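Thanks for making the time this morning.

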Amino acid sequence: MKKLFILISSLLACLVLVACSTSKNKTASSDKLRVVASNSIIADITKNIAGDKINLHSIVPIGKDPHEYEPLPEDVKKTSQADLIFYNGINLETGGNAWFTKLVKNAQKKENKDYYAVSDGVDIIYLEGQNEKGKEDPHAWLNLENGIIYAQNIAKRLSEKDPKNKDFYEKNLKAYTEKLTKLDQEAKEKFKNIPEDKKMIVTSEGCFKYFSKAYQVPSAYIWEINTEEEGTPDQIKNLVEKLRQTKVPSLFVESSVDERPMKTVSKDTNIPIYSKIFTDSIAEEGKDGDSYYSMMKWNLDKIAEGLAK
């Protein structure tokens with residue numbers, strides 16, 4: 001009987017310890033800053049700075065187009081509960097169907113208090129022939145210098161909302177921006193060695209303007225931006241005629257678009273598609289391009305290789 005009493009007492013003690021441990025873990029988890037990022041690129045940059053100090057939710061799934069998106073119930077819930085929300089801005093999530101604008105409004109979140117554009121401070125490039133609000137080219141992250149601006153903005157807002165971890169965020173920011181800066185400098189040297197008559201990046205969407213400016217590689221494309229008409233016969237014809245006047249050795253197709261229009265361009269020009277590249281999303285975990293750094297390294301390497309053919 002005595003042994004049974006001791007056994008029961010021991011079991012009760014274990015249960016109490018487990019309950020206490022679970023309670024502590026739950027409290028620790030709930031104490032973390034709840035952060036929402038509008039897409040996988042912004043989420044990855046945030047993760048590199050914040051590590052395990054936050055609970056992070058990315059809205060637009062990997063591989064999906066952030067221009068046009070319909071938030072799921074989970075996205076609505078996480079946004080409503082968020083302490084801090086990061087979005088790209090520059091006519092990305094707020095253009096087209098303006099899904100992000102509706103989402104934060106319904107969640108009763110306030111700009112520059114609850115949600116922030118990580119592109120703040122970027123030198124904006126506009127769509128071809130346009131120079132007005134609502135006609136901005138949103139793809140600023142395709143220039144690594146702008147990626148660094150994103151990281152700086154994210155670290156700043158994390159530190160404001162969570163000052164006890166400010167040193168942690170700043171330390172990670174320093175290491176991360178040094179890594180991006182090194183890749184940026186290497187890329188600039190790499191593109192200097194490509195002959196001028198071969199130096200043109202040809203993609204489906206006209207999203208490489210920031211890239212072109214940063215690395216001095218002109219760009220051409222089938223359509224301007226994913227919220228407009230994509231891959232019409234006239235668009236394809238215009239690009240084909242342009243390419244016939246060049247010595248461009250390779251074409252590229254983005255991982256998040258329909259590749260059939262670019263295949264038509266390739267067939268009509270006899271210029272091969274050299275590689276898929278990343279624009280609006282990182283890759284699935286474990287694959288090439290599964291972080292902002294690795295997607296940019298992949299792009300820079302593949303574009304340089306393709307144009308050096």
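Let me begin with Ser275, which sits in strand 8, the stretch covering residues 273-277. Please keep in mind throughout that what you are looking at is a predicted model. Is Ser275 buried or exposed? Its relative accessibility is 9%, and because the cut-off for buried is under 20%, Ser275 counts as buried. Once residues up to four places away in sequence are set aside, the residues that Ser275 touches are Leu251, Phe252, Val253, Trp298 and Lys302.

A second residue that I would like to treat in the same way is Pro261, which has its place in helix 9, residues 260-269. Pro261 is buried as well, its relative accessible area being 12%. Leaving out the neighbours within four places in sequence, we find Pro261 in contact with Ile222, Trp223, Gly231 and Ile236. As for Thr232, it is 29 residues from Pro261 in sequence, while the two C-alpha atoms are 8.2 Å apart in space.

Stepping back for a moment to the whole protein, the secondary structure comes to ten helices and eight strands, and of the 309 residues, 50% count as buried. If we take the contacts with a sequence separation of 6 or more, 66% of them are between residues 24 or more positions apart.

What does helix 6 pack against? For helix 5, residues 144-161, and helix 6, the axes come within 9 Å and cross at roughly 175 degrees. Since angles over 145 degrees count as roughly antiparallel, helix 5 and helix 6 are roughly antiparallel to each other. The helix 5 side of this contact includes Leu144, Ile148, Ala151, Ala155 and Leu158, while the helix 6 side includes Tyr169, Leu173, Tyr176, Leu180 and Leu183. Sorted by class, the contact of helix 5 with helix 6 has ten nonpolar, five polar and four charged residues.

The other packing to look at is that of helix 2, residues 40-50, with helix 6, residues 166-192, where the axes come within 7 Å and cross at roughly 120 degrees. At that angle, helix 2 is oblique to helix 6. From helix 2 the contact draws on Asp44, Ile45, Asn48, Ile49 and Ala50, and from helix 6 on Phe168, Tyr169, Asn172, Leu173 and Tyr176. By class, this contact of helix 2 with helix 6 has seven nonpolar, two polar and one charged residues.

That brings me to the aromatic residues, for which the count comes to twelve aromatic pairs. One of them joins Phe168 and Tyr169, whose ring centres are 6.1 Å apart and whose planes stand at 70 degrees, so the pair is edge-to-face. Phe168 is partly exposed, at a relative accessible area of 29%, whereas Tyr169 is buried, at 0% relative accessibility. Phe191 and Phe211 also form an edge-to-face pair, with 5.8 Å from centre to centre and 80 degrees between the planes. Phe191 counts as buried at 1% relative accessibility, and Phe211 counts as buried at 0%. Elsewhere, ring pairs link Tyr69, Tyr87, Trp99, Phe100 and Tyr115 into a cluster.

Finally, some backbone geometry for those who check torsions. Ala98, in the loop between strand 3 and helix 4, has a phi near 50 degrees, a positive value in a residue other than glycine. Gln108, in the loop between helix 4 and strand 4, likewise has a positive phi, near 60 degrees. Where the surface is concerned, Ala98 counts as buried at 18% relative accessibility, whereas Gln108 is exposed, with a relative accessible area of 69%.

Terms used
Residues are numbered from 1 along each chain as its sequence is written. This is a predicted model: local features need pLDDT of at least 70, side-chain atom pairs count only at pLDDT 80 or more; totals for chains, interfaces and linings use all residues. Side-chain values use heavy atoms; hydrogens and water are left out. Helices (H or I, at least four residues) and strands (E, at least two) are DSSP runs, numbered from the N terminus. Buried means under 20% relative accessible area, exposed over 50%, partly exposed in between (1.4 Å probe, protein chains only). Contact means heavy atoms within 4.5 Å. Axes are lines fitted to C-alpha atoms, for helices over the stretch in contact, and angles run from 0 to 180 degrees between N-to-C directions. Angles under 35 degrees count as roughly parallel, over 145 as roughly antiparallel, 65 to 115 as roughly perpendicular and the rest as oblique. Ala, Val, Leu, Ile, Met, Phe, Trp, Tyr, Cys and Pro count as nonpolar, Asp, Glu, Lys and Arg as charged, and the others, Gly among them, as polar. Rings of Phe, Tyr and Trp (its six-membered ring) pair if their centres lie within 6.5 Å; planes under 30 degrees apart count as stacked, over 60 as edge-to-face and the rest as tilted.
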